[in-house]
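This report walks through one structure for a reader who is new to the subject. Please keep the sequence and the 3D view at hand while reading.

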Amino acid sequence: MIQQQGNRFFFNVDWITVLIYIALCVIGFTNIYASVPHNDANAAFDFSSNYGKQLIYVISGLILGLSLLLFDGRLFNVFAPFIYGGTLVLLVVVLFIGRNVGGNQAWIPIGSFRLQPSEFAKFGTALLLARYVSTFNPKFRDFKSIFIAGIIVAAPLLLIMLQPDTGSALVFLAFMFPLYREGLSGYFLLIFLGMIVLFVADFLVPTAALIIILIAIGGLFIYANRRKQKLIITTVFVTLIAIAYLFLIKIAYEKVLAPHQRSRIELMLGLKTDNKGAGYNVIQSQIAIGSGQLTGRGYLQGTQTKYGYVPEKTTDFIFSVIGEEWGFLGCSVVIALYIFLLLRLVNLAERQRSTFSRVYGYSVACILFFHIFINIGMTIGIIPVIGIPLPLISYGGSSLWSFTILIFIFLKLDSNRMGFI
Amino acid sequence: MEQLFNRKYIIQGLFIVIAIILLAKLFYIQIVSDKAFVAAESNVLKKKFKYPARGAILDRKMRVIVQNEPVYDLMVIPNEVKSFDTLALANALDISVEEVRKNMRKAKLKSNYQATPFSKQISVQSYARLQEIMYRFPGFSTQDRTIRHYPDSVGGQLFGYVKEVDSADIARSEGFYRPGDYKGKSGLERSYEEMLRGEKGVINTVYDAKNIPQGSYADGKYDINAVSGERLISGIDIEVQKLGEQLMNNKVGAIVAIEPASGEILAMVSSPGYDPNLLVGKSQGNNYMNLIGNPYRPSLVRPIQGYYPPGSAFKPIDALIGLQEGVIDPNTTFFCPHYYQAGNRRIKCEHFDGSISLRRGIARSCNTYFCYVFQKLITKNGMKNQRLTYQDWRDKVAKFGFGDKLGVDLPFEQKGYFYNSDHYDKIYGKRWGYTNVISQAIGQGEITATPLQIANAMAVIANRGYYIKPHLIKAMGDKLLVKKEYVTKNYVGIDLKHFEPVIDGMQDAVNTAWGTAILSRIPDIILCGKTGTVQNSRGKNHSVFIGFAPRDNPKIAIAVIVENAGFGSTYAAPIASYMVEKYLKGAISGNRIAQAEWMKNQNLLPLLIDKTKKAKLTKADSLIIRKTDSIKRINDSLKLKAVTAKRPLSAQLVKKPIIATKPESNKR
């Protein structure tokens, strides 16, 4: 305990992660500032504007993060079920008293501030999942453990789907990776990948051709393994499910998805072009980013974002401001910072002695990863428009604070890595 | 456990793969493709053009002869237009409601978001009416620009006209011109387009997504101020030009007056002419079609495109070459039996003088004298070498500016016809001699020239041996630049001493009782000249006069051609004398004022000829007379002209009215 004499609270904190955190917040603030015109040099700093508010969020976020370091890490383990339960309650409450913004019943107004429970649900889910895995130490070889873990993830996911906020709900799929790390079969990931590939293929290739291709692949596989009877049965079974899945997609696509979601998918796949309607956001965002070229137009020199050609430029499309004003170099720096953060978080998670900390760390990294991939992918047109924020950079208090909580709790757990939780 | 630990690398690997995918796509849209950059510029940048004023043109006394006046284009941005009072707009613009709707549809087709012309060149009055009610028409705006104005209403063919560029112009200019720009299409407006047009200004304005202007782009770094076109100073004396057009009123023909010492063109009349103001403004299209359809072809620039045999005006050149070659001297006389016998044909002469000298031969326009001179010139190297000697003679005459373009600063100048030996080889084989081409001695036969070439030959005589390429613009811009070719002297290879004997004859032609143009004598001024009467197979003779004045240190050389007007002395010579007097003295004096007025009122327009019928005849004739001598070969040469390959349209128009002549009836 000699080491703890110096500074008990901040001892062993991974300051590199904190620095990256601060760097990303500063990048966020400066680009939100740049996303609106500043023609009048004399204009005072305006706290009612987005950038003004974001400055408050960043400072309060940092205070919140640092104060989380004061807690005893074990508290989060103990209170995990309550925090999870609390966020579920909020998710139910928001469906009744929530404010509808942009078609999503996602916001609970508290004074002038609006709380977005789905942001905090990720944190609650991560805690409970970590608690479950650390307590029962399942290896996810049996149906029961997979089922329980599935329920923990699915409950908030379904509640969020009811808002309906598909983007936030999708992020919950990130929990697949911590479970995979803890022993879940890699086949689940492959099946998931296969589902995405088939989904995309179903739009680009006629269904009949796809079925023939599937049967051909199955046939070849059977021929190669013709001595192993068990594999043959499995292969036939998988092929039949895949074919059924193709038809299910068609039906689900028509009946379940809303028209705007359908058109976003079709636009992303290049099945239709629409410069004015649903395609406008993506096209303008790509124009803004593309016009940045190698070095960008220079800070505050962007025109596309500043003059309103890119909608939602402070929140979901903040990356187009970076792309336009900082160019390919700026984009590369931001992506490199993110990847460094993600790799660092995974490395930190791996050095934990406690399973709780490790599972939680993986959850944080993978939630961030989903956000980053989906958000940037959306602004450059490789993923359909899904409205989720870019972590720490997009404007918004709820999202900034929830990421702060996610990261700083992990840092606290990490600082206690020698102990047993 | 060891196995599960390795899964870390799979997850981290996934992170890196995804990052690379993102960066690859970014690399493509930011660096590989510049589509996005172009699209971004067109999103926010709107260029507004400021049209410069075209350069003004002044005459030699610094009077403005071409200037600008303001007009306004009404522009519209269709998607900003709200429903408006169509009738009020129609009334303000003086157009019908249907036209308003039609223009609106057209503008929408062009662009919904950019300002497109709704009504072009609206008058100052319409503009004033419109300004009062403009607030009721959001989306409409006015763009000011200038159009040409010609205060004296003369010189249509010289100045040419300015018109909006068409798609061919834009393609040819490789992007310099844009739709909506104007360009000189003919005349001086065309040949000095690059000086006159100035530089277009551009204002780059940034617009936001709601199409609200957000100030200038890059602090105006890429904005360009409009620069007015350069001023041109012409050698024209507008008063003389105006008098010339009045004198040629209701006549077909041309006048060219040149200041011999400088080559500056003082007046250049093409008749019938037209008011250049007709080809300005809204009714340009209609008026243009009317001009094109006019059977007297006012669109033809006769001084540089009309082909006329020089006729007797050619005789002084014969004399000069004869003197230079030594085949005659100033005292040589020939006996004129009232005709000249060339082989089996006779060229008649109008007068009985018996033995006639050079001086008198010029003054009396003796055909016989100059046929002898020509005969001597072509046969001086022996009968067998006539073909080569002819070519030598032809080249010496060509130095006076015949048979090729003079390089005047007007577009579409024509060469005239003046054939080499090769041409006659094709007709006669290698065996031909002076008798076959004798009609050229008196400026007939195959030789044709533009009035400008004829006047230029007169400038050579006035200068005693050289000419400067005739030109309309003597100085360009504030620096008064002059093209080098317009200050260079072109010597014709005749010694100074040979000019005075010839000029003596030309002085006598106007100033002695036996001269052909005595009626055109100007008090106090020695006008030296030569009349010509060129027979026209399709109607009355053409009246021709060439001359210069004063005799010493000449200030003006002039050629006048009046088609179908009869004797040179009756119309062309007096017209020339009025022009000369006006230029040298500033006004016509005494009873010559009344004579000039009488001249202005003469109507000598020829009866219109059925062209289709004539064309057939020409062809048939030419087949029969293909191998006869030059005197009978005029129609043949007409046919040859008709088959001369691809020429500009304007040149094609020239061919038909070319006047076939028969030397027998070439008088004086």
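In this predicted model, residue B:V76 stands opposite B:T116, which belongs to strand β4 of chain B. The two strands concerned, β3(B) and β4(B), run antiparallel and are joined by 4 bridges, with β4(B) covering residues 116–122. Strand β3(B) also pairs with β5(B), again in the antiparallel sense, and here 10 bridges are found. Within that pairing, B:Y72 has B:D144 of β5(B) as its bridge partner.

A further antiparallel partner of β3(B) is β2(B), a strand made of residues 57–58, and this pairing has 2 bridges. Here B:L58 stands opposite B:V64 of β3(B). The strands β2(B) and β3(B) form a hairpin, with 5 residues lying between them, and B:M62 in the turn has a positive phi of about 60°. The table gathers the pairings of β3(B), together with one pair of facing residues for each.

| Partner of β3(B) | Residues of partner | Bridges | Facing residues |
|---|---|---|---|
| β5(B) | residues 140–149 | 10 bridges | B:Y72 and B:D144 |

Elsewhere in chain B, the unreviewed UniProt entry places a transmembrane region at residues 9–28. In the model this span is 100% helix and 0% strand, and its end C-alpha atoms lie 28 Å apart.

Turning to chain A, helix α1 (residues 15–34) packs against helix α2 (residues 50–68) at an angle of about 170°, and their axes are 8 Å apart. Because of that angle, α1(A) counts as roughly antiparallel to α2(A), the cut-off for this description being an angle over 145 degrees. Among the residues that meet in this packing are A:C25, A:F29 and A:I32 from α1(A), and A:Y51, A:L55 and A:V58 from α2(A). Sorted by class, the contact contains 7 nonpolar and 4 polar residues, but no charged ones.

How many residues of chain A are in contact with chain B? There are 37 of them, and they meet 31 residues of chain B. The elements of chain A that give two or more residues to this side are α7, α12, α13 and α14, and the largest share, 11 residues, comes from α13(A). By class, the residues on this side of chain A divide into 21 nonpolar, 14 polar and 2 charged.

Technical notes:
Residues are numbered from 1 along each chain as its sequence is written. Chains are lettered from A and ligands numbered from 1 in the order in which they are written. This is a predicted model: local features need pLDDT of at least 70, side-chain atom pairs count only at pLDDT 80 or more; totals for chains, interfaces and linings use all residues. Two residues are in contact if their C-beta atoms, placed from the backbone, lie within 7 Å. Ala, Val, Leu, Ile, Met, Phe, Trp, Tyr, Cys and Pro count as nonpolar, Asp, Glu, Lys and Arg as charged, and the others, Gly among them, as polar. UniProt positions are given in the numbering used here, feature names are shortened, and annotations may be inferred rather than shown by experiment. Two strands pair if DSSP finds at least two bridges between them. Axes are lines fitted to C-alpha atoms, for helices over the stretch in contact, and angles run from 0 to 180 degrees between N-to-C directions. Angles under 35 degrees count as roughly parallel, over 145 as roughly antiparallel, 65 to 115 as roughly perpendicular and the rest as oblique.
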